[in-house]
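Dear colleague,

I am handing over the structure below, and my notes on it follow. Please read them with the coordinates open beside you.

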Amino acid sequence: MNWADLNLMPALPELFMSGAILVILMLDAFISDAKRGMHYGLALLTLAVCAVLQVQTYPVVPVHTFSGMFVSDALSSLVKLAMYGSTAIVLVYSRQYIADRGLLRGEFFSLALFALLGMNFMVSASSFVSLYMGLELLSLSLYSLIALQRDSVKATESAMKYFVLGALASGLLLYGISMIYGATGTLDLALVAKAIKAHTANDMLLVFGLVFIVAGLCFKLGAVPFHMWVPDVYQGSATAVTLMVGGAPKLAAFVFVLRILVQGLEAMVADWQAMLALVAVLSMAIGNITAIAQTNIKRMLAYSTISHMGFLLLGLLAGTPDGYAAALFYALIYVLMSMVSFGILLGLSRAGFECETLDDLKGLNSRNSWYALLMLLTMFSMAGVPPLAGFYAKFAVIKAIADIHLYWLAVVSVMMSLIGAFYYLRVVKNIYFDEAQDTSAIVMRADMKLVLSLNAIALLVLGVVPERVIVLCMQAMKQSLAAI
Amino acid sequence: MFTNQLSLVIWAPIVAGLLVLATGGDQRATLARWVAVAGALIGFLLSLPLFTGFDNLNGGMQFEEVKPWIASFGIQYHLGVDGISMLFVILNSFTTLMVVLAGWEVIKKRQSQYMAAFLIMSGLINGAFAALDAILFYVFFEGMLIPMYLIIGVWGGPRRVYASFKFFLYTLLGSLLMLVALIYLYFQAGKTFDIQAFQAIAKIPLHVQILLFIAFFLSFAVKVPMWPVHTWLPDAHVEAPTGGSMVLAAITLKIGAYGFLRFALPILPDAARELSWIMVALSLVAVVYIGLVALVQTDMKKLVAYSSISHMGFVTLGMFMFTGSHLNQWAVEGALVQMVSHGFVSAGMFFCIGVMYDRVHSRNIADYGGVANKMPIFAAFMMLFAMANSGLPATSGFAGEFMVIMGAVQVNFWYAALAATTLIFGAAYTLWMYKRVIFGEVSNHHVEEMADVNKREFLVLVVLAIAVLGMGLYPQGFVEKMHLSVNDLIAHVAQTKL
């Protein structure tokens, strides 16, 4: 490695973030408990600066650095911006909640930022090694975040489950990567792609590697049949951490999958397309049907996530730039939707009370019609009813698979969203049709109220004028995948 | 009047609805009502230039607006009305005004949300009728489920939850399949969602046409509703508040029938012709069998709900009267007249039942008797609507049914004979109900305490009565508007796409 050629500019936001995390960590040792709120401000400030740096370094063409391990392109920059945004939203929503539960500590913020750093590396990796490093940084931070609530039996249990299963999945992934390495002799995604196209690699070995990789990826996405951890982790974690697990990491995992399958193994599209089709159908079916039976809303949303991941995979398996863009758009909208739904749960929880069953939402309309409306918008958006953003996400994906003539898959997917509509409607029913069981006043910090409102209204605004974001997704895909 | 008249007609009620919502809780209910009635009135007035400024000699689209919307998906903000859809935009704006008045002091809880839901829905319905882009249509078509779901679920009767879920999921089932069909057509039409481009597709193989027709059928037949997918309607109607029933019957059912005219027939003419015997059979089952079902109802609202299904059977019958590859002009125009007429008549019937329900809190026929003694003015108005519902000449109900039967005779005598039974059944169930409820001795102390209609109710009844009589005496005023558009449609359907 020639140090003189090392260009640090593309990784500027990451470098800044690393520094800021260390500062927050150090500071934690020196300030008193009463001033812990400072971390909150610092973390938000860090995210804001990172976002500015990201916009400043938004690349016109993909730029590689760190000996080709790290790439900064439109895709990674767009997704990183979304991740800063969603992490900031999570912090705002969590502020009161974690304070009430004694989690307002430096570790919470530094771990959250470490997780974000890991995600940044995942979306910017252009080699199997850096991909894996980013993934592990994310996963380890998330395990510890869940376990941070150490007095809670449920949280400890779900951290343990997540850790054991996550380690297994990482193992599968590494095993698959080693086979690809064995077949192609390289870990660089672009070189792997070239080697496969040139047919110099052993096909048998490649397909075996692919199977292990897809299994590992599906675990990280939480797609059936590797979804078992999702409901337990969602339910067991403190709601603030659930939001952390269910928000930005889904975006990162999506880009992770995209980098490996599309940038690295695109020549094997016929192989992974069939695998993903099966996984997608199963995820939509099992996710949606099982969600109907849930009474715990966090668990219900976990199954709903599984079904959303199935939808997302549909876009991916289309194997066309439009399909990838549709899947990216879906992922962005999904994160936006999950933010509001968990945000409402966080807002309705208070010291000594967890809002987590469907009954806890009953009569929300009579308690506070504004929050009820926000949740209404989110639920219909998740169900894919126009004119909300969730509709265009589903629409884009269905259009992409129709483009490759997989109409049967399109019909299956719309039937699954019909089933899904039932449990989203049930949430709306509880909010609007039923009488309140709990009539205590809802208190939210002003900043949370504002962000939550903007967050939900964004779903409606993006439902009326989605064009800008769609174009952004398409351009990002076009630029980042131009190489192949 | 304005260059973007249609946009105004769509967005004015929606903006008014948001304003009503912003008035807040029940403590400012009076303000909410007045804002709502102002919004509905403005919406109605804005829709009138569509009628007065309509060029009868132009069968194509008028008041067109085209703006780019989601260019990357080939979706445009494309609006326009022809002689068919224009009538429904006005009918809808009119009905919204009636509904807002009908819910005036009757709705006790969350008035602002109630009024807002109706206004927003009114805008969405106008959008569905005016949209010339398939996805724009779909957005409006599905979007209206949200307010309707809430209207039934929040302000409905005892089984409102069941009814609202059934309504939502039934309609969603159909429309989702239609979405896939629309996406298929998008690729066939050269990556555009323009409905006129869909209609202009030159070739679609018959088996594909039939599959697409089934998708459209499921979507629109559920909305119409046709037998046997009609079962959501009696539940939804009975549980919905008066205003909800009025809008459901007067407007949302029409969107289903309109969908057949705008999508299924012109885009898939060959499938429509091949499958027309099924459509005719289902329509006749609706007319005859559902007519008989209505006869045995003990609940007034359910009776009118079944009578709606039966009348809509007439509409779908009229739309699928093929001779060779030609649709019958009488039948199609009759179907359209019947649609508009049924809008007025069913709104009137449901409003009358609502008036009685507000006083006695029962919809059971058996709980009434001798209402005429206590409410003579009301009884006179209800007589008019009952007569119109049974198709008495000089009311609007007669014109449409007569035209459809005329058309059916030209196609097949037996179709006409079966369809004509409705004149007997319709008269039987409506007038029998009327007799039991209105005539006779005062049957119990509830009826004894009934007071005649107040000014607000009188206003609604008068306006609806004028509409019913006006349309019955001079249907030509409506027919001449739609005449050329229907001609175009028939010419279009006659061209095979095989």
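**Salt bridges**

In chain B, D299(B) and R363(B) are joined through their side chains by a salt bridge, with 3.3 Å from N to O; please keep in mind here and throughout that this is a predicted model. The two partners come from distant parts of the chain, 64 residues apart, since D299(B) sits in the loop between α13 (276-295) and α14 (300-319) of chain B, while R363(B) sits in the loop between α15 (329-360) and α16 (371-374) of chain B. Both D299(B) and R363(B) are buried.

Over all chains the count comes to 20 salt bridges. Another of them pairs R101(A) with E354(A), whose closest N and O atoms are 2.6 Å apart. R101(A) belongs to the loop between α3 (74-100) and α4 (106-124) of chain A and E354(A) to the loop between α14 (321-348) and α15 of chain A, so this pair ties together parts that lie 253 residues apart in sequence. R101(A) counts as buried because its relative accessibility is 18%, whereas E354(A), at 27%, counts as partly exposed.

K161(A) and D232(A) also meet in a salt bridge, at 2.9 Å from N to O, and this one links helix α6 (residues 153-184) of chain A, which holds K161(A), to helix α9 (residues 229-236) of chain A, which holds D232(A), across 71 residues. K161(A) is partly exposed at 29% relative accessibility, as is D232(A) at 23%.

**A buried lysine without a partner**

K220(A), in helix α8 (residues 203-221) of chain A, is buried yet has no salt bridge, and the nearest side chain of opposite charge, that of E136(A), is 4.9 Å away. Leaving aside residues up to four places away in sequence, K220(A) touches several others, including L135(A), Y143(A), W229(A) and K250(A).

**The interface**

Chain A and chain B bury about 3500 Å² between them, 79% of it on carbon and sulfur atoms. F395(A), K399(A) and F433(A) supply 20% of the area that chain A buries against chain B, more than any other three residues. The contact involves 42 residues from chain A and 37 residues from chain B. Zero salt bridges are found across this interface, although six residue pairs are in polar contact between the two chains, both residues being at pLDDT 80 or more. On the side of chain A that touches chain B, α18(A) gives the most, with 14 residues.

**Cysteines**

Zero disulfides are found over all chains. C355(A) counts as buried, at 1% relative accessibility, and so does C352(B), at 0%.

With best wishes

Terms used
Residues are numbered from 1 along each chain as its sequence is written. Chains are lettered from A and ligands numbered from 1 in the order in which they are written. This is a predicted model: local features need pLDDT of at least 70, side-chain atom pairs count only at pLDDT 80 or more; totals for chains, interfaces and linings use all residues. Side-chain values use heavy atoms; hydrogens and water are left out. Helices (H or I, at least four residues) and strands (E, at least two) are DSSP runs, numbered from the N terminus. Buried means under 20% relative accessible area, exposed over 50%, partly exposed in between (1.4 Å probe, protein chains only). Lys and Arg count as positive and Asp and Glu as negative; His and the chain ends are not counted. A salt bridge is a side-chain nitrogen of Lys or Arg within 4 Å of a carboxyl oxygen of Asp or Glu. Contact means heavy atoms within 4.5 Å. A disulfide is a pair of cysteine sulfur atoms within 2.5 Å. Buried area is the accessible area (1.4 Å probe) that two parts lose on being put together, summed over both. A polar contact is a pair of N or O atoms within 3.5 Å; within protein, one must be able to donate a hydrogen and the other to accept it, and residues adjacent in sequence count only if both atoms are side-chain atoms.
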